[in-house]
Amino acid sequence: MNTMNATGINAATTEGGQTADATEDRPYGPTRGQPFADEARFKLRDVSVYYGETAAIKKVSLDVARNEVISFIGPSGCGKSTFLRTLNRMNDSIDGCRVEGQLTLDGEDIYSDSRDVVELRARVGMVFQKPNPFPKSIYDNVAYGPRIHGLANRKSELDDIVERSLRGSGLWEEVKDRLDAPATGFSGGQQQRLCIARAIAVSPEVVLMDEPCSALDPIATAKVEELISELSESYTIVIVTHSMQQAARVSDRTAYFHLGHLVEVDETNQVFTSPQHELTESYITGRFG
Amino acid sequence: MSDQDDIYGDHISHQFNDELARLKEDFLHMGGMVEQQVADAIQALTNGDGELASQVRQKDKKVDRLELEIDEEATRIIARRQPTARDLRLVISVIKMVADLERIGDEAKKTAKLAMRLAEEGQAPRGYVEVRNIGRHVGQMLHDALDSFARLDSEQALEIIREDARVDEEYQGAARTLLTFMMEDPRNISRCMSVMWVLRALERVGDHACNIAEHVIFMVKGEDVRHASMEEAERVVGGP
């Protein structure tokens with residue numbers, strides 16, 4: 001189904017995803033709720049992701065709006081992390097992984113041959129499940145990205161970026177006197193906030209987070225969640241989480257994935273009080289998962 | 001366990017199932033008790049039975065205690081389970097409906113108190129037919145409201161909201177009748193006023209039954225029909 005034209009999204013695609021009944025492509029029916037947004041950064045249409053012959057994501061259509069926090073939830077193996085990684089082509093390095101469909105960021109094709117992947121990943125940063133600081137000092141961790149992207153001409157400019165990023169991730173007051181200390185000596189929560197500082201140091205437009213709090217204690221989790229809501233003023237945030245309470249707390253919209261299908265996506269309040277699809281209801285109320 | 005129970009009974013956590021089942025049971029237990037209180041209060045009044053009226057007033061303390069217990073149960077579930085979707089709607093609705101039941105209990109107590117006064121003074125000559133009629137009507141509404149909760153039957157709940165308008169009309173009619181008695185002979189005024197308060201209390205019972213019905217619709221359909229027009233409520237219940 002190729003209903004895309006040169007200028008953007010054909011209305012027929014938008015309608016098609018909403019009105020069709022359950023088909024072979026969509027055994028759970030059309031995606032319920034509000035998959036599309038007026039001010040979309042990412043426009044994703046009929047996206048399928050294959051590992052070899054196996055489809056991990058099946059014809060998912062979704063918009064991610066400017067400055068929104070959207071959570072992807074679903075049982076293990078539902079494809080939510082796979083889908084997240086298509087947004088900055090982190091799947092490229094996986095052998096046999098193939099992405100189909102239309103994926104655009106601000107109207108530009110993410111998967112076009114001419115796309116500079118390094119530049120894409122600077123615009124779409126990522127924070128991983130386990131904090132993965134480089135075995136370097138705090139300063140060098142944050143300065144790494146700006147250095148390789150040539151964002152600072154002078155030491156003072158780099159200092160500014162490092163301070164701004166560490167302030168942005170709420171870490172500045174804790175580390176400002178120890179910028180030369182090795183990052184690996186800090187607590188898990190601090191390391192994760194350092195990784196967030198590293199991600200925002202290159203001034204990305206979007207930050208992807210793949211279960212950013214699953215290795216953290218409740219206090220560190222609360223700090224990262226607080227940070228997410230602050231960051232959402234400047235960035236678009238897409239977060240994959242196993243914690244439904246976390247999705248309920250931090251996100252504007254919540255998307256529920258099931259066996260590679262996007263079953264429902266809607267305002268978080270709506271999803272957690274009156275979900276429309278029986279599968280969403282079963283998952284969030286703890287009836288399976 | 002019926003099908004209706006099953007929708008709250010299929011969590012991975014059996015303990016959560018049990019907690020929700022107990023909350024429903026306790027709510028229905030309190031509902032049954034309040035229903036009996038209303039019936040007894042009306043009977044005490046129309047039969048001039050001061051003893052029964054006194055029992056109703058005593059029993060109200062037990063109703064109050066149940067309200068606290070159920071609220072505590074609901075709070076515990078929220079704290080421990082963080083319920084969502086239909087589970088959340090059940091817990092929130094029970095917290096609100098329990099307040100309505102407690103208020104119905106209070107109206108029954110008020111009626112019993114007036115029944116005792118009237119029994120001491122000797123029977124009031126007028127208005128008992130109206131009390132019996134409205135009492136039967138709101139008693140049925142309360143019964144149906146609890147039934148619609150037990151069965152998760154939003155259509156039955158909608159019917160209760162319709163009935164409430166009829167009770168209001170009956171109340172207006174009865175008030176006019178009593179006013180006529182009072183104008184006929186001012187010596188009737190004191191007793192007629194007592195009967196008027198009883199009618200007012202029963203009319204309030206109907207309002208609370210109606211509130212419960214609105215919460216049942218919220219539980220089942222996920223849409224709040226409080227302060228909505230009848231057409232809006234019909235749309236919610238009739239919808240998919």
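**Entry 1. Where the chains touch**

I looked up the contact between the two chains in this predicted model. I found eleven residues of chain A in contact with 13 residues of chain B. I then asked which elements of chain A give two or more residues to that side. They are helix H10 (268–273) and helix H11 (278–284) of chain A. By type, the chain A side divides into four nonpolar, five polar and two charged residues.

**Entry 2. Chain A as a whole**

I noted eleven helices and eleven strands in chain A. The radius of gyration of chain A is 19 Å, close to the 19 Å from the globule rule for 289 residues, so I put chain A down as being as compact as a globular protein of that length. Along the principal axes, the C-alpha atoms of chain A fill a box of roughly 60 × 45 × 35 Å. I recorded 45% of the 289 residues in chain A as buried. For contacts in chain A with a separation of 6 or more, 68% are between residues 24 or more positions apart.

**Entry 3. The seven-stranded sheet**

I traced an open sheet of seven strands in chain A, in the order E1-E11-E10-E4-E9-E8-E7 and with mixed pairing. Which strands stand at the edges? Strand E1 (32–33) and strand E7 (124–127) of chain A do, each with a single partner strand, so one side of each has no neighbour in the sheet.

I checked the antiparallel pair of strand E10 (residues 253–258) and strand E11 (residues 261–267) of chain A, and it runs over six bridges. Within this pair, A:His258 has A:His261 in E11(A) as its bridge partner.

I also looked at what lies across the sheet at the E7 end. Helix H7 (residues 188–200) of chain A lies across E7 and strand E8 (206–210) of chain A, and runs at about 170° to E7(A).

**Entry 4. Strand E4 of chain A**

I turned to strand E4 (residues 69–73) of chain A and asked how many of its residues are buried. Five of the five are, so E4(A) is largely enclosed by the rest of the structure. I sorted its side chains by direction: A:Val69, A:Ser71 and A:Ile73 point one way, A:Ile70 and A:Phe72 the other way, and all are buried.

E4(A) pairs in the parallel sense with strand E9 (residues 236–240) of chain A, over four bridges. In that pair I found A:Ser71 bridged to A:Ile239 in E9(A). Four bridges also join E4(A) to E10(A), and these strands run parallel. Here A:Ile70 stands opposite A:Arg253 in E10(A).

I moved to chain B and looked up the span of H4(B). The helix has 37 residues and reaches 54 Å from its first C-alpha to its last, close to the 54 Å expected at 1.5 Å a residue. H4(B) is mostly covered, with 27 of its 37 residues buried. Just after H4(B), I noted that B:Gly122 takes a positive phi of about 95°.

I picked B:Ser93, which lies in helix H4 (residues 85–121) of chain B. Is B:Ser93 buried or exposed? I counted 21 other C-beta atoms within 10 Å of B:Ser93; the cut-off for buried is 20 or more, so B:Ser93 is buried. Leaving out residues up to four places away in sequence, B:Ser93 touches B:His215, B:Phe218 and B:Met219. I also checked B:Asn211, which is 118 residues from B:Ser93 in sequence and 10 Å from it in space, C-alpha to C-alpha.

Key: Residues numbered from 1 in each chain as written. Chains lettered and ligands numbered in written order. Predicted model: local features only at pLDDT ≥ 70, side-chain atom pairs only at ≥ 80, totals over all residues. Rg over C-alpha atoms; globule rule 2.2 N^0.38 Å. Buried ≥ 20, exposed ≤ 12 C-beta atoms within 10 Å, placed from the backbone. Contact = placed C-beta atoms within 7 Å. Pairing = 2+ DSSP bridges. Axes fitted to C-alpha atoms, helices over the stretch in contact; angles between N-to-C directions. Nonpolar A, V, L, I, M, F, W, Y, C, P; charged D, E, K, R; others polar. Expected span 1.5 Å × (residues − 1).
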